[in-house]
Amino acid sequence: MDESWKRARAVFATFAGPPVLWLAAFFLVPLAIIWAYSFGDNASLTRIAISGTLANYIHAIQPLYLGIIAKSLWFAGLTTALCLVIGFPVAIAITFASEKSKAWLLLLIMLPFWTNLLIRTYALMAVLRTEGYINFGLGFFWTGLGHLTALFGHPLPAFQPLELLHNNFAVVFGLVYVQLPFMVLPLYAALDRLDRSLLEASLDLGAGHLTTFARVVVPLAVPGIVSGILVTLIPSIGAYLTPDLLGGPSSQMIANVIERQFKTANDWPFGAALSFLLMYMTFVAIAVQAIVARGRKARGR
Amino acid sequence: MNAPPAVRRTPPGPLDYLGRWPIRTWLILVVIYLYAPLITLMAFSFNDSRRNIVWRGFTLKYYAQTLADSDLITAFANSLTIAAVSTVVSVVLGALTALLLWRFRFPAKPALEGALALPIVVPEICMGVAMLVFFTQIVRWPTDLIWPLNLGAIIISHISFSFSFVAIVIRGRLASFNRELEEAAKDLGAGEWRIFRDILIPHMRPGLLAGALLAFTLSLDDFVITFFTSGPDTTTFPVKVYSMVRFSVTPEVNAASTLLIVLTVALTAVALRLQGADVARAETGEGL
């Protein structure tokens, strides 16, 4: 398993060469350039001078941009919490299903994940817009109700479609829709490993299902909960498509601001600084998860 | 599942949560939440009305319009080409990475593992802008090359974010490799290459297949990174659909989306079937 690289240098070089070179040339170098740009300024329209300035980072912590960063974190946190609440019962249902229905249920949860993200977001636009299916359905009921109340001499005012699209609600609704499978899978993986006799013991000894859930299932599922939170939180913080298509002017997230700096505002150094702030946030989230995992291991879990 | 409850559940299985109505209702609601938007999208692609909301009768005219839209067809061909090339290269790079990390002990191993995790954790938008800057400022990818060479920048970006995922999948498969097989082969006089070709590759096959499927889907699905590396002549299907959906919901987009959904579902089904058979064969030792 752990052969020293010195024993087969030629094989080692064949295995290591292509991936390492690829990763360096087409991933690390581009990131390094962005990092360097974040310390640069626009010398002219087409040239960026890397002057070591911190002006871009200072620009990024102005209230306007801090507000957008805070909003991104808030949306992502809310999305993660909702996914956890919605996904936990689903994971439990899958875990304790029979072998055959388990495979089908997993496929059922995974299938939307294989569908293109853009198409899933577009599908939500069709559901949420003012002439969309939800408003159509509500309007239908409202009109029916109006006919009914008109019989008693109290006609209802005309139906006003709800503004469900292009606002903060739509963004969180869309993020939950997109991220839910990511939360269910790690939860399921953790619950599936769980020793069932512990649950049975708890139920036998008189604890109710809710007590067993809170005192036995949740504590044992912490590793799955933590990784579920991580894989939901990280893509949500940096989400671009969902706020772009479902959000309104006031629900733009950090990724939308970055895109604007590169595509329309043409302030690449500032966009680069924002990109790296976003990346640092991601790394902090991962580090927290690693610390939690290590802490649990140290305590003998 | 729906066996007569009074007979089978005396006493009810304490852990049969799927059989309890609150959990069951919850599961049904979640499945409706996940599927209703996609199913209505697909259903209304056959609806004979531009307003896309009341059912006015069955039609295939939006499919005819979609298939006659040469821009959309070009974008679709681009997407498939990019996905195919990026899958092949990602599987090769991913397999090499997996073999490297599985077999060898070397000084920079933790650093390499960390670097390989980066493409998975770095937010898409950051990678997108990095690729944009790289391909406009550092290596100017010529945009007037003949097809499919003009797709090079997009293909390279896709490989960069795919191959780490592939490596993880294949490494997981390698973990179950029985080292004794290798030793036996060595005793019987097989060389390095022979062992690789006749023992390791067959063992890795389910992993290679799963990795290839993952790479293909990641590439076909990607919008953000492609959005930053594509040009006016190199749009992919998601980028094209994006420009169509930004402002309106139209039956043409529904039809195009339905085609893509059906393609991905079919692909997944085939892959799952192949992989299932392959795993089964490997587990019974038949494939070795």
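Predicted model: local features only at pLDDT ≥ 70, side-chain atom pairs only at ≥ 80, totals over all residues.

Visitor: How many helices and strands does chain B have?

Guide: Helices (H or I, at least four residues) and strands (E, at least two) are DSSP runs, numbered from the N terminus. Chain B has twelve helices and one strand, and the order from the N terminus is α-α-α-α-β-α-α-α-α-α-α-α-α.

Visitor: And what does that strand of chain B pair with?

Guide: Two strands pair if DSSP finds at least two bridges between them. Here, strand 1 (residues 104–105) of chain B runs parallel to strand 1 (residues 3–4) of chain A, with two bridges joining them. Arg105(B) is the bridge partner of Ser4(A).

Visitor: Which domains does chain B have?

Guide: Domain bounds come from an automatic or database domain assignment. For chain B that gives domain 1 (5–62) and domain 2 (68–283). Residues are in contact if their C-beta atoms, placed from the backbone, lie within 7 Å; nine residues of domain 1 and eight of domain 2 take part in the contact between the domains. On the domain 1 side, helix 2 (residues 21–43) of chain B gives the largest share, three residues.

Visitor: How many residues of chain B are in contact with chain A?

Guide: 65 residues of chain B, meeting 71 residues of chain A. For classes, Ala, Val, Leu, Ile, Met, Phe, Trp, Tyr, Cys and Pro count as nonpolar, Asp, Glu, Lys and Arg as charged, and the others, Gly among them, as polar. The chain B side has 50 nonpolar, eight polar and seven charged residues.

Visitor: How many residues are in the largest nonpolar core?

Guide: A residue is buried if 20 or more other C-beta atoms, placed from the backbone, lie within 10 Å of its own. A nonpolar core is a set of buried Ala, Val, Leu, Ile, Met, Phe, Trp, Tyr and Cys residues joined through C-beta atoms within 7 Å. The largest one has 152 residues, and those with the most contacts inside it include Ala91(A) and Val129(B). Helix 7 (residues 168–193) of chain A supplies the largest share, 17 residues. Both domains of chain B give residues to this core, so it lies between them.

Definitions and conventions. Residues numbered from 1 in each chain as written. Chains lettered and ligands numbered in written order. Contact = placed C-beta atoms within 7 Å. Buried ≥ 20, exposed ≤ 12 C-beta atoms within 10 Å, placed from the backbone.
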